[in-house]
Amino acid sequence: MDNCCQDKACELEELQGRQSRVLWIVLGINGFMFLFELILGWLAGSVALQADSLDMLGDTLVYGFSLYAIAKSARWRSSAALMKGGIMALFGVGVLLQAIYKLIHPEVPAFDLMGATGLIALAANATCLYLLTRHRSDDLNMRSTWLCSRNDIIANTGVLLAAGLVFLTNSIWPDIAVSLIITALFMQSAVQVLQQAIAELRVSPPTTTPVNRSSV
């Protein structure tokens with residue numbers, strides 16, 4: 001029995017180590033891509049690219065929470081997922097506000113810079129999704145992290161589609177439409193993560209502080 005427990009402890013430690021390494025890699029990729037897309041989105045005048053850069057920032061924070069929660073209890077991991085869901089919802093609102101600003105101050109984005117940046121972001125997110133896929137069923141913490149990366153792929157594809165439509169129509173509307181789609185995707189995933197986290201928090205026992213009986 002002791003050997004079995006030791007083996008299980010070693011397996012858990014090894015799993016947490018693999019999760020940690022993957023999360024550090026994707027955190028670095030997303031942190032760099034946040035700055036890259038934010039700057040080029042501003043230069044291109046594309047609200048879709050800027051929205052995608054905020055997505056990258058949100059993911060960087062999400063992966064940071066995930067790293068913190070790896071070695072914690074199930075209740076801690078559920079709480080981290082709850083915070084991640086809140087962050088996803090917050091950035092969804094941010095994208096919506098940017099789209100509204102673009103409507104008030106219309107500017108046709110530079111489709112060539114928009115498309116090139118979107119391709120680089122797609123390659124970066126495809127790498128992250130590949131690294132995270134094998135861990136998506138480990139626990140809710142990794143599942144919510146994988147969802148963020150999957151959403152990034154969808155958002156990047158939308159940015160590339162918007163760039164092509166801006167080229168064909170010379171209009172701001174494709175850029176605005178993709179921004180609104182990204183917002184809807186953010187909100188849907190945020191609600192899903194929040195619902196799962198709340199459900200797990202309800203069944204997870206609260207952390208208790210051991211009573212010092214020698215002082216009683």
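Read along the sequence, this protein follows the pattern α-α-α-α-α-α, with six helices and zero strands in total, where helices (H or I, at least four residues) and strands (E, at least two) are DSSP runs numbered from the N terminus. The model is predicted, so local features need a pLDDT of at least 70 and side-chain atom pairs count only at pLDDT 80 or more, while totals for chains, interfaces and linings use all residues. Residues are numbered from 1 along each chain as its sequence is written, and side-chain values use heavy atoms, with hydrogens and water left out.

**The protein as a whole**

- Of the 216 residues of the protein, 44% count as buried; buried means under 20% relative accessible area, exposed means over 50%, and partly exposed lies in between (1.4 Å probe, protein chains only).
- The accessible surface comes to about 11,400 Å², and 67% of this surface belongs to carbon and sulfur atoms; such areas come from the Shrake-Rupley method with a 1.4 Å probe, and for residues only the protein chains shown count as cover.
- Among contacts between residues at least 6 apart in sequence, 82% join residues at least 24 apart, where contact means heavy atoms within 4.5 Å.

**Aromatic pairs**

- A search of the whole structure finds two aromatic pairs; rings of Phe, Tyr and Trp (its six-membered ring) pair if their centres lie within 6.5 Å, and planes under 30 degrees apart count as stacked, over 60 as edge-to-face and the rest as tilted.
- Phe 32 and Phe 36 form a stacked pair, with 6.0 Å from centre to centre and 20° between the planes.
- Both Phe 32 and Phe 36 lie in helix α1 (residues 2–44), where they are four residues apart, or about one turn of the helix.
- Phe 32 has 55% relative accessibility and therefore counts as exposed, whereas Phe 36, at 23% relative accessibility, counts as partly exposed.
- The rings of Phe 111 and Phe 167 have their centres 4.7 Å apart and their planes at 55°, so this pair is tilted.
- This pair links distant parts of the chain, since Phe 111 is in helix α4 (residues 111–133) and Phe 167 is in helix α5 (residues 140–169), 56 residues apart.
- Phe 111 is partly exposed, with a relative accessible area of 36%.

**A nonpolar patch on the surface**

- Val 93, Leu 96, Leu 97, Ile 100, Leu 103, Ile 104, Trp 173 and Leu 180 together form a nonpolar surface patch with about 760 Å² of accessible area.
- Patches are made of residues with over 30% relative accessible area and no salt bridge, with like charges joined within 9 Å and nonpolar side chains (Val, Leu, Ile, Met, Phe, Trp, Tyr) within 5 Å; a salt bridge is a side-chain nitrogen of Lys or Arg within 4 Å of a carboxyl oxygen of Asp or Glu.
- Helices α3 (74–104) and α6 (173–203) each supply at least two residues of the patch, and α3 gives the most, with six residues.
- Ile 100, placed in helix α3, is partly exposed, with a relative accessible area of 41%.

**Two residues and their contacts**

- Asn 125 is found in helix α4 and is buried, with a relative accessible area of 1%.
- Leaving aside neighbours within four places in sequence, Asn 125 is in contact with Asn 30, Met 56, Ser 149, Asp 152, Ile 153 and Asn 156.
- Gln 50 has its place in helix α2 (residues 47–69), and, with neighbours within four places in sequence again left aside, Gln 50 is in contact with Gly 41, Trp 42 and Gln 98.
- Gln 50 and Leu 38 are 12 residues apart in sequence and 5.2 Å apart in space, C-alpha to C-alpha.
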